[in-house]
Amino acid sequence: MTDLVLAVDFGGTKIAAALVGGAGDVVRSAQVATPQVDTWDAVADVVGRVLDGEQVAGAGIASAGPVDTAAGTVSPINVPSWREFPLRERVASLVPGVPVELAGDGVCMALGEQWRGAGQSSRFMVGLVVSTGVGGGLVLDGRPFGGRTGNAGHIGHVVVEPDGEPCTCGGRGCVETVAGGPRMVSWASARGWRGADAIALEASARAGDPVALAAFERAGHAVGLAIAATAAVCDLDLAVIGGGVAQAGELLFDPVRRALATHAGLSYLSTLDVRPAVLGGRAGLVGAAALVSGPRPA
Ligand SMILES: [Zn+2]
């Protein structure tokens with residue numbers, strides 16, 4: 001009996017698939033940019049390339065949200081042609097006779113880091129992706145926790161500035177409006193900084209530009225507030241942060257830790273730790289595989 005699992009990571013910008021071994025090792029993988037038309041054909045093609053006739057013990061799917069894990073459907077914001085798209089059933093048709101599991105990409109990132117990445121010491125953690133937006137997911141008692149519909153752990157929409165900027169969710173002042181890369185750039189640009197993107201902003205901050213430094217300080221503070229709130233509600237001992245903005249290292253992590261020192265004061269949060277993610281772009285695939293083959297608590 002094979003221990004290989006098919007993992008699929010469906011996102012608004014790319015579709016990745018992999019064969020993952022029982023130890024979380026990526027045996028082979030492929031990816032393609034997400035097309036706006038014939039989107040399913042692109043998924044089937046990339047899955048076919050990694051399967052290449054191989055038998056698998058199951059399949060795990062990570063998808064951009066919102067998802068409906070009870071129905072097995074996905075409605076990714078950046079793929080308007082997919083609304084309540086039956087992704088689990090479609091993938092199952094490619095691997096008949098084996099279990100197929102679906103979860104949100106934030107949950108899978110957290111689960112991947114907990115299984116094979118920076119979260120191996122923790123059974124109660126949140127994973128965050130701080131990038132264009134801010135996503136996340138929860139692992140509680142060693143298990144992925146998607147909540148009622150699969151969308152729990154959406155930490156990017158914790159409110160950190162009640163009178164802040166409008167958010168894509170329809171709300172205002174969510175952490176994503178402060179710490180999302182493009183939002184940091186527009187905040188700095190409005191204060192006289194000149195540059196194209198978050199990578200240039202990071203370079204300016206390293207060079208000591210006060211506006212760029214303030215943008216990272218503000219983003220890290222917002223992320224720290226959201227982690228403190230989530231950790232208090234869910235009794236966590238770890239937050240793992242990945243994504244493009246987190247590549248800035250201590251520029252983001254120092255203000256995150258300062259915010260936690262101020263705002264995570266409850267005694268049961270005294271061991272709360274923050275670490276950089278280590279799996280990078282593979283976290284979603286490894287976590288998707290873990291939905292099927294990851295370790296389960298006794
Ligand atoms: Zn929001």
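Predicted model: local features only at pLDDT ≥ 70, side-chain atom pairs only at ≥ 80, totals over all residues.

Q: Fine. So which domains does the assignment give for the protein chain?

A: Domain 1 (5-104 + 282-293) and domain 2 (118-278).

Q: How far apart are the C-alpha centres of domain 1 and domain 2?

A: Those centres lie 26 Å apart. The contact takes 10 residues from domain 1 and eight residues from domain 2.

Q: And which elements supply the domain 1 side that touches domain 2?

A: β5 (67-68), β7 (100-104) and α9 (283-293) each supply at least two residues of that side. By type, the residues on that side of domain 1 divide into six nonpolar, three polar and one charged.

Q: OK, zooming out. How many helices and strands does the protein chain have?

A: Nine helices and 12 strands.

Q: What does the radius of gyration say about the protein chain?

A: A compact globule with 298 residues would have a radius of gyration near 19 Å, and the protein chain has 19 Å, so the two agree. Along the principal axes, the C-alpha trace spans about 55 × 45 × 35 Å.

Q: What share of the residues counts as buried?

A: 50% of the 298 residues. As for contacts in the protein chain with a separation of 6 or more, 65% of them come from residues 24 or more positions apart.

Q: Let's talk about the largest nonpolar core. Which residues touch the most other members?

A: Val8, Val175 and Ala239 do, in a core of 96 residues. Helix α7 (residues 210-234) gives the largest share of this core, 11 residues.

Q: Where does this core lie relative to domain 1 and domain 2?

A: It lies between them, because domain 1 (5-104 + 282-293) and domain 2 (118-278) both give residues to it.

Q: Back to Val8. What does Val8 touch, leaving out residues up to four places away in sequence?

A: Val8 touches Ala17, Val43, Val47, Ala59, Ile61, Val91 and Ala288.

Notes
Residues numbered from 1 in each chain as written. Helix = DSSP H or I, 4+ residues; strand = E, 2+ residues; numbered from the N terminus. Rg over C-alpha atoms; globule rule 2.2 N^0.38 Å. Buried ≥ 20, exposed ≤ 12 C-beta atoms within 10 Å, placed from the backbone. Contact = placed C-beta atoms within 7 Å. Core = buried A, V, L, I, M, F, W, Y, C linked by C-beta atoms within 7 Å. Domains from an automatic or database assignment. Nonpolar A, V, L, I, M, F, W, Y, C, P; charged D, E, K, R; others polar.
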